[in-house]
Amino acid sequence: MASIIHKAGWVVVHGHRVIRDGFVRVAGGVITEVGTGAAGNGTVVDHGEGALVPAFVNAHTHLELSALAGRLSTGQGFESWVRELLALRQEQTRDHLRREARVAADRMIKAGTLVAGEVSTLGITADLFRDAGLAGVWFSEVLGQHLPESMDLPPADQWRASSFAAHAPHTTAPEVLCRLKQMCDERGLPFSIHLAESPEEAEFIQTGKGRWADFLSERGIGFFKWPVPSKSPVGYLADLGLLGPNLLAVHLVYADAADIEMLARNRVHGCLCLRSNMALHGRMPDVARMVDAGFYLCLGTDSLACVDSLSMVDEMAFVAYKCPALRPEDLLNMATINGAAALGVADRFGSLEPGKKGALVYLPVKAENPKALLERIVSGEGGPVSTWWPEERKRE
């Protein structure tokens with residue numbers, strides 16, 4: 001089988017293995033060899049003095065909100081932002097939402113994100129997710145008191161899967177949460193949920209009252225049989241028996257020390273969206289405590305309704321700036337292999353190892369040693385990236 005040999009000044013297999021003067025051999029769409037120096041027979045693509053890294057993984061985004069970019073106020077509180085979002089989204093046609101979502105997907109791919117966890121409430125991005133060429137997981141998100149009439153999901157293939165997400169514990173009935181999680185467990189799929197994101201969520205879960213309770217009543221969502229008050233949003237999910245290795249908990253801005261310990265103990269995957277958190281809430285989760293607890297962490301961008309790009313390079317650079325104690329190798333893993341693991345696709349993506357798909361990103365970053373290289377990668381230095389997919393994927 002013909003092979004392509006990708007060469008570069010550096011090959012970052014993953015955050016903890018960096019090869020100088022390296023190459024990645026891809027045959028049949030799969031990485032067959034990684035090494036240094038002469039690579040033997042094959043078509044050689046010499047990318048330059050910079051670094052080949054695994055394709056970035058955006059573990060949490062909402063492409064269907066891309067049409068709302070720059071049109072929402074982010075400083076008036078979470079409930080006000082949600083109200084404004086719902087009203088503005090209602091004004092858009094589905095065709096407009098789809099067109100803007102496709103533009104955003106193409107830009108995300110161009111910026112090096114080839115694997116994503118796309119969360120869709122309206123269901124309008126399923127075909128787009130496939131047609132744009134993204135790999136990863138498309139999540140059908142559920143809110144309210146009832147399951148959808150149809151629980152059918154788009155079929156899986158070697159590049160992507162489909163699963164369910166619940167919006168949040170303060171928007172989705174507990175019996176719906178439990179049924180969705182059960183369905184994901186039975187199919188071996190990840191289950192995504194926004195968790196401990198806002199003060200409104202925390203107040204509602206801990207008291208059963210407040211502005212969010214009023215908001216639910218306005219929208220006709222009856223919550224009087226929900227098991228609130230509870231200690232915290234994380235404790236609420238624990239009491240429902242929903243914590244576990246296939247749970248992808250997003251945001252966790254208001255998770256305290258006890259919550260973090262509980263999530264880590266149950267091997268939950270946490271997805272951080274720090275630019276979104278700062279824009280909407282003016283604060284971030286306790287990242288240092290999460291790292292110390294051994295919590296599985298990955299990164300997402302959230303949507304263009306609250307951040308100015310879906311670039312994982314931009315997200316890494318923000319995290320590196322806000323969390324300077326975080327080691328660059330761990331931060332890069334959060335944007336690659338950890339995200340792939342959270343989405344259940346680490347057997348195919350997230351690192352440049354034999355047996356995985358040949359999904360590569362080239363960064364024109366120069367450095368004297370691996371430490372400096374990783375620091376420059378996660379801080380966003382180096383200029384525009386180049387992405388490489390196997391030809392086999394392009395033909396599908």
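Let's start with a charge sitting over a ring: Arg-283 lies over the face of Tyr-254, and the distance to the ring centre is 4.1 Å. Please keep in mind, as we go around, that this is a predicted model.

There is another arrangement of this kind to show you. Lys-357 lies over the face of Trp-159, at 4.4 Å from the ring centre. Let's stay with that tryptophan for a moment, and turn to the aromatic rings.

A pair of aromatic rings is described by the distance of the centres and the angle of the planes. Searching the whole structure gives 10 aromatic pairs. One of them joins Trp-159 and Phe-349: the pair is tilted, with 40 degrees between the planes and 6.2 Å from centre to centre. What I like here is where the partners come from. Trp-159 sits in the loop between strand S8 (135-142) and strand S9 (160-166), while Phe-349 sits in the loop between helix H13 (337-342) and strand S14 (360-363), so the pair links distant parts of the chain, 190 residues apart. Are these residues buried or exposed? Trp-159 is buried, because its relative accessible area is 1%, and Phe-349 is buried too, at 2%.

Here is another pair, Phe-223 with Trp-226. This one is edge-to-face, at 6.5 Å centre to centre and 70 degrees between the planes. Both Phe-223 and Trp-226 are buried.

Rings can also join into a group. Phe-78, Trp-81, Trp-212 and Phe-215 are linked by ring pairs into a cluster.

Two packed helices are described by the angle between their axes and the distance between the axes. Take helix H1, residues 78-91, and helix H6, residues 211-218: their axes come within 10 Å and cross at roughly 20 degrees. H1 and H6 are therefore roughly parallel to each other, and their crossing is right-handed. Which residues of H1 and H6 meet? From H1 we have Phe-78, Glu-79, Ser-80, Val-82, Arg-83 and Leu-86, and from H6 we have Arg-211, Trp-212, Phe-215 and Glu-218.

H6 has another partner to look at, helix H5, residues 199-207. The axes of H5 and H6 are 7 Å apart, and the helices pack at an angle of about 85 degrees. So H5 and H6 are roughly perpendicular to each other. In this contact, Glu-200, Glu-203 and Phe-204 of H5 meet Arg-211, Trp-212, Ala-213 and Leu-216 of H6.

While we are on H5, which of its residues are buried? They are Glu-200, Glu-201, Ala-202, Phe-204 and Ile-205. The cover over these buried residues includes H1, strand S10 (191-195), H6 and H7. Just after H5 comes Gly-208, which takes a positive phi of about 75 degrees.

One more helix pair for you: helix H9, residues 274-281, and helix H11, residues 312-322. Their axes come within 9 Å and cross at roughly 70 degrees, so H9 and H11 are roughly perpendicular to each other. Leu-274, Arg-275 and Met-278 make the contact from the H9 side, and Asp-314, Glu-315, Phe-318, Val-319 and Lys-322 make it from H11.

Let me finish with some single residues.

First up is Ser-230, placed in the loop between H6 and helix H7 (233-239). Ser-230 is buried, because its relative accessible area is 12%. Leaving out neighbours within four places in sequence, Ser-230 is in contact with Ile-205, Gln-206, Gly-235, Tyr-236 and Asp-239.

Next, Arg-71, which is found in the loop between strand S6 (56-61) and H1. Arg-71 counts as partly exposed, because its relative accessibility is 40%. Residues up to four places away in sequence aside, Arg-71 touches Glu-84, Leu-88 and Gln-92. Arg-71 and Cys-306 are 235 residues apart along the chain, with 9.1 Å separating their C-alpha atoms.

And then Trp-388, in strand S15, residues 386-388. With a relative accessible area of 31%, Trp-388 is partly exposed. Again leaving aside neighbours within four places in sequence, Trp-388 is in contact with His-6, Val-45, His-47, Leu-114, Gly-358, Ala-359 and Leu-360. How far apart in space are Trp-388 and Ala-279? They are 32 Å apart, C-alpha to C-alpha, and 109 residues apart in sequence.

Key
Residues are numbered from 1 along each chain as its sequence is written. This is a predicted model: local features need pLDDT of at least 70, side-chain atom pairs count only at pLDDT 80 or more; totals for chains, interfaces and linings use all residues. Side-chain values use heavy atoms; hydrogens and water are left out. Rings of Phe, Tyr and Trp (its six-membered ring) pair if their centres lie within 6.5 Å; planes under 30 degrees apart count as stacked, over 60 as edge-to-face and the rest as tilted. Helices (H or I, at least four residues) and strands (E, at least two) are DSSP runs, numbered from the N terminus. Buried means under 20% relative accessible area, exposed over 50%, partly exposed in between (1.4 Å probe, protein chains only). A charge sits over a ring if NZ of Lys or CZ of Arg is within 6 Å of the ring centre and within 35 degrees of the ring normal. Axes are lines fitted to C-alpha atoms, for helices over the stretch in contact, and angles run from 0 to 180 degrees between N-to-C directions. Angles under 35 degrees count as roughly parallel, over 145 as roughly antiparallel, 65 to 115 as roughly perpendicular and the rest as oblique. A crossing is left-handed if the near helix is turned anticlockwise from the far one by less than a right angle, and right-handed if clockwise. Contact means heavy atoms within 4.5 Å.
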